[in-house]
Amino acid sequence: MLFKQLGFGESSGLFTQHRFQWRGTSREVDVLYENVRLLADDRLKGREDTWTVVFDYPFDEGNRTPQDDIARLNEYRGDPARTVIWLPSFLSPRAQQDLGRLVILDHILHGDRFDQYTSHLSQVDRIQARALATNQCNSLRALLQSRLEVAYGIAPEPRDAVSHVLDADQQLRSMDPTFSPRPPVGADLKSALENLLEQMCAHQYPAHPVFETDIRPQLAKKLWDELQPALQSPDRRTHLPDLGTRRLVRSVIPALHLGDTSENAVVLVDHWTRHFHQQMAREQCERPTVSQLREWMERPRPMGLPGELQDLVILVFAATTNRHFTLNGGPYAPDIGKLIDAAELREEQLPSAQDWQIARDRASELFGLVPPSVLNSANVATLAKIVREAVGAKRAAVLALLEEWQGSVAEFAAGRKSAR
């Protein structure tokens, strides 16, 4: 019932992984429902690099109280962990009696048990008894739901729902000393949990952008394609004629600090160029690796971008600063979603503007090509590629012509010899 109220749906155990959207990106948190007083240190620590929320039982055996759970947390000697403990006030004796009655009714109403327990009743009495038991079960379930909200500090009423009442600042306990969660605000347990998850993620990634769309794995690839005209433009600007494309670009590119958008255009900015150059100068690094660039994105405050968006930032940086990728000393073709951390970015030595224009003119005059106009590493590579392809095509034509000419010469020579 607690997990259902929290929005987790049905759960067959006391542990679940809850996925949720935060500022447009997909996140995951481990959720436990256990008696905190009995939890071992490794359970309190949880998985590395993953948040854990532990919901304590709203009851315990004997004369135990929530203070015993607090004492257990004070005894924790493990490493700091991304774990938040949600301690409830205990259900009152009356509330626990009603809970016990609900457990019994839920048990006998499941499957064909009711018919077994009421086999001594007539068919008519059995139908009436089932209806009464079902109504009482539903009533107790609704009452317990409201009492759980009181126990976990979401609602003040009914006051008789709990005993051993905890103050609001006692109900949430973080095992990370740098994080002090505020009492979550919400109309129900689900919205209160969402508020808590927002606090947790914002603490871990304070510089994370707020995206106006859900970030999917293929989104970064589409944005990379849409930015190509801007990367080829002298003023780093491109027109966005399609309404859907405009909305997509506006929802991500400005928040990612890659560009500014107007009503129907996007202009790339040099935010990441300046940032990466500062880090390279600080660490005296001329050939940064992809891994280093990812690390530098977390400075001065962590952003926590998904890998695909990190790849997009790195590819745009490489394109706008005339850098190419190498891996183990050889060329490497990067791709969003498959950008290897060990790959290096090396700055290319570009030809002069005069040599570039001469090369473009000759490619046009000799081969009828239309080379790109902007001088950058990508366009230099493109021009080299299309010239090689044109030369290959011409070579095949010349070889064919030479073979035909040699055949004609042989025939002519044979004719002259026969004429003599």
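Buried, as used in these legends, means under 20% relative accessible area, exposed means over 50%, and partly exposed lies in between, with a 1.4 Å probe and protein chains only. This is a predicted model, in which local features need pLDDT of at least 70 and side-chain atom pairs count only at pLDDT 80 or more, whereas totals for chains, interfaces and linings use all residues. Residues are numbered from 1 along each chain as its sequence is written, and side-chain values use heavy atoms, with hydrogens and water left out.

View 1. Cys-201 counts as buried because its relative accessibility is 5%, and Cys-137 counts as buried at 4%. With a disulfide taken as a pair of cysteine sulfur atoms within 2.5 Å, the count comes to 0 disulfides.

View 2. Helices (H or I, at least four residues) and strands (E, at least two) are DSSP runs, numbered from the N terminus. Helix α6 covers residues 123-151, and its 29 residues should span 42 Å at 1.5 Å a residue, which agrees with the 41 Å between its end C-alpha atoms; the expected span is 1.5 Å times one less than the number of residues. The buried residues of α6 include Arg-126, Ala-133, Cys-137, Leu-140 and Leu-144. The buried residues of this helix pack against α1 (2-6), β5 (90-91), α4 (93-108), α5 (113-117), β6 (162-163) and α7 (189-204), where contact means heavy atoms within 4.5 Å. Just after α6, Gly-153 takes a positive phi of about 80°.

View 3. Asp-115 lies in helix α5 and counts as partly exposed at 37% relative accessibility. Not counting residues up to four places away in sequence, Asp-115 touches Arg-126 and Arg-130. The C-alpha atoms of Asp-115 and Ile-127, which are 12 residues apart along the chain, are separated by 9.7 Å.

**View 4. Leu-87 in a loop.** Leu-87 lies in the loop between β4 (83-86) and β5, and at 1% relative accessibility Leu-87 counts as buried. Leaving aside neighbours within four places in sequence, the contacts of Leu-87 include Val-36, Asp-56, Ile-70, Leu-73 and Leu-166.

View 5. A salt bridge is a side-chain nitrogen of Lys or Arg within 4 Å of a carboxyl oxygen of Asp or Glu, and a search of the whole structure finds 26 of them. One of these joins the side chains of Arg-47 and Glu-28 (3.0 Å, N to O). Arg-47 lies in the loop between α2 (41-45) and β3 (51-55) and Glu-28 in strand β2 (residues 25-33), so the pair ties together parts that are 19 residues apart in sequence. Arg-82 forms a salt bridge with Asp-49, the closest N and O atoms being 3.6 Å apart. This pair links distant parts of the chain, 33 residues apart, with Arg-82 in the loop between α3 (66-74) and β4 and Asp-49 in the loop between α2 and β3. Arg-82 counts as partly exposed at 27% relative accessibility, whereas Asp-49 counts as exposed at 59%.

**View 6. Gln-279 and a neighbouring arginine.** Gln-279 lies in helix α10 (residues 271-283) and counts as buried at 3% relative accessibility. Not counting residues up to four places away in sequence, Gln-279 touches Trp-296 and Arg-299. The side chains of Arg-299 and Glu-295 meet in a salt bridge (3.1 Å, N to O), and Arg-299 is partly exposed, with a relative accessible area of 26%.
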